Amino acid sequence: MRTPKFFIVTVFAVALFLGLAACSTHKPVPAPVKTGVELKPGKIPLRDFFKNPVAEGFTISPDGKKIAWLAPWKDRLNIFVKDLSSNETTRVTSATKRDIYGYFWAGNERIVFGQDSGGDENVHTFSAAIDGSGEKDLTPFENTRTNLLDDLESDDDHILITINKDNPRLFDVYKLNVVSGELELEARNPGDISGWMTDHNGTVRLAVASRNGQNVILYRKNAKDLFRPIMSLDFRTAFSPLVFDFNNEKFYVSTNIDRDKQAIYLFNPETLKLEHLVFEHPEVDVTQLMYSKKRKVITGAGFYTDKHHYVFFDDQREEVQNDLDAMLPGYEVVVTDADKDETKCIVRTFSDRSLGAGYIYDVENKKLEKIAEVSPWLEQSNMAEMKPVSFTSRDGLTIHGYLSLPKGKEAKDLPVLINPHGGPWARDYWGFNPEVQFLTNRGIAVMQINFRGSVGYGREFWEKGFKQWGLNMQNDITDAVHWLIGQGIADPERVAIYGGSYGGYATLAGLTFTPDLYACGIDYVGPSNLFTLLETLPPYWETEKEEFYIKVGDPVRDYKLLRKVSPVFHVDKIKAPLFVAQGANDPRVKKAESDQIVKALRDRDVAVEYMVKDNEGHGFHNQENRFDFYEAMERFLNKHLLQ
């Protein structure tokens with residue numbers, strides 16, 4: 001299976017419902033242009049926050065002789081490879097329309113990468129030789145999406161992918177030749193499989209099926225056996241396989257069976273027993289497992305409270321971490337990749353005030369070499385701190401979040417922007433956020449809230465968000481505003497709300513259901529009508545539709561609820577200025593979601609700013625579109641929040 005062999009395996013799960021499409025928010029910068037906003041002393045140019053990094057996505061080849069990274073070429077992120085012996089760097093790809101989504105090594109001489117078209121999220125699998133020759137779309141099928149399942153590290157010519165070319169609703173497993181594009185069926189989806197997992201030999205051994213609101217775990221001993229169901233659990237009961245043990249007999253799983261917080265166990269598929277508790281935490285779910293494939297040992301676990309933390313079970317891995325922490329003080333230090341022998345690894349640093357750098361580390365000689373600073377033009381001494389905070393909701397829940405205050409300003413009567421996250425079955429994390437740094441640099445405090453329904457805080461907290469869109473989930477956001485006002489931090493007349501995806505819905509709900517609370521709002525690819533949202537889910541989410549009905553609401557049985565909490569039906573309550581941004585090719589939140597709310601407001605002669613990008617999807621990726629969006633955001637906030 002494709003994981004950093006030296007580092008972490010995370011949960012085996014389907015994608016988030018309404019999370020923004022995976023891509024960084026700091027994109028390339030062209031020559032300076034007039035934006036219509038005068039830059040005051042001490043203010044950093046807007047595009048410095050969002051321009052493309054010097055380099056990111058650092059990896060190392062299996063033999064440890066080459067490294068690769070993503071860097072801009074013709075205003076798009078492309079893949080570059082450096083030979084460590086000759087120091088020669090070669091550009092491998094030539095993308096000019098869209099950034100490369102992500103990539104990995106297929107052996108030592110070839111790179112495999114993904115790209116979609118115009119933000120439609122139909123990611124095709126491409127490959128190219130590391131000298132830049134032979135670039136090829138390996139899956140050139142219309143309206144088809146691919147995902148990597150296993151890089152088959154012992155087979156340089158093949159990988160395992162999941163692909164929905166035979167049925168848009170279903171992902172089958174195919175072995176793909178990374179040179180020719182030849183496909184060979186490995187496992188056919190019978191109609192309800194939402195995920196697959198391989199063992200250390202690359203054999204498909206596990207599958208998760210969604211059947212009548214139950215998650216059914218399917219297992220087989222070997223490639224010749226048929227899959228058989230071994231567990232059937234209500235989807236509320238987490239059972240997320242992580243990785244097989246080194247005998248390929250049992251597997252590690254993150255689960256909340258008979259508990260609230262997920263913990264990691266070793267599970268025996270023959271006896272159906274959780275045999276050994278690997279690690280648990282009393283406050284949060286544990287979903288990350290570290291291991292050394294070379295030494296065949298579990299080395300540690302990772303978990304997230306206010307920040308990311310590790311616990312180590314292996315002295316050798318702990319020594320590596322301690323050495324790196326000592327060499328790179330003041331940063332979070334993460335090992336992100338390693339060669340096959342685990343003698344060299346890739347290290348990435350970051351903090352709440354810096355995107356840090358990428359390094360290559362010689363484990364045996366304890367030698368650390370910098371590859372590149374990610375965004376060296378941002379001086380961390382000028383950045384704001386992101387501070388973990390918590391408050392109590394109106395019904396007694398502890399709500400966690402992050403508060404970032406403008407640097408050098410007293411935390412009193414500040415303009416504040418509330419920034420609810422997408423998902424909503426996600427959470428906000430501590431670290432560098434270019435949007436937060438941009439806004440605080442403009443004198444605006446930013447509050448991020450892990451409202452009920454956010455993941456990572458246990459089953460009970462997650463379930464408290466079921467069918468609570470616009471209700472208690474929104475109340476938590478409202479309570480955050482009142483907490484900030486009560487602390488004297490927020491000027492009650494200058495509070496804005498902005499979010500993407502579910503956060504866009506929360507923005508619309510905030511302006512609709514608490515119309516006197518916010519001075520203005522910015523809705524970025526957010527749904528306005530929960531009926532049409534649920535009617536237009538991507539076909540490949542069909543197997544999870546029943547879960548959506550339980551978590552959001554059933555369009556028939558919960559008709560009154562969904563109508564009550566859909567902002568489009570209550571636009572007469574909206575008083576504050578609104579700015580809406582939408583990608584025309586969004587497969588998750590269709591453009592009609594934004595069209596509806598904009599039309600309803602304009603029919604009432606309410607002014608609403610509307611930005612649509614025809615070559616974007618669920619979030620703006622191309623630099624020119626991103627710059628347009630943030631420059632429009634700045635003008636909007638200057639007019640409606642800061643004046």
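Asp-258 sits in the loop that connects β19 (251-255) with β20 (263-268), where helices (H or I, at least four residues) and strands (E, at least two) are DSSP runs numbered from the N terminus. This is a predicted model, in which local features need pLDDT of at least 70 and side-chain atom pairs count only at pLDDT 80 or more, while totals for chains, interfaces and linings use all residues. Residues are numbered from 1 along each chain as its sequence is written, and side-chain values use heavy atoms, with hydrogens and water left out.

Asp-258 has a phi near 60 degrees, a positive value in a residue other than glycine, and with a relative accessibility of 81% it counts as exposed; here exposed means over 50% relative accessible area, buried under 20% and partly exposed in between, with a 1.4 Å probe and protein chains only. Leu-152, in the loop between β10 (146-150) and β11 (158-163), also is not a glycine and has a positive phi, of about 45 degrees, but Leu-152 is buried, at a relative accessible area of 10%.

Most residues other than glycine have a negative phi, and most peptide bonds are trans. The bond from Gly-423 to Pro-424 is cis, its omega being near 0 degrees, and Pro-424 belongs to the loop between β31 (414-418) and α3 (434-441).

Turning to strand pairing, which requires that DSSP finds at least two bridges between two strands, β2 and β3 (residues 66-73) run antiparallel and are joined by three bridges, with Thr-59 opposite Ala-68 in β3. The two strands form a hairpin with five residues between them, and Gly-64 in the turn has a positive phi of about 75 degrees. Within β2 (residues 56-60), four of the five residues are buried.
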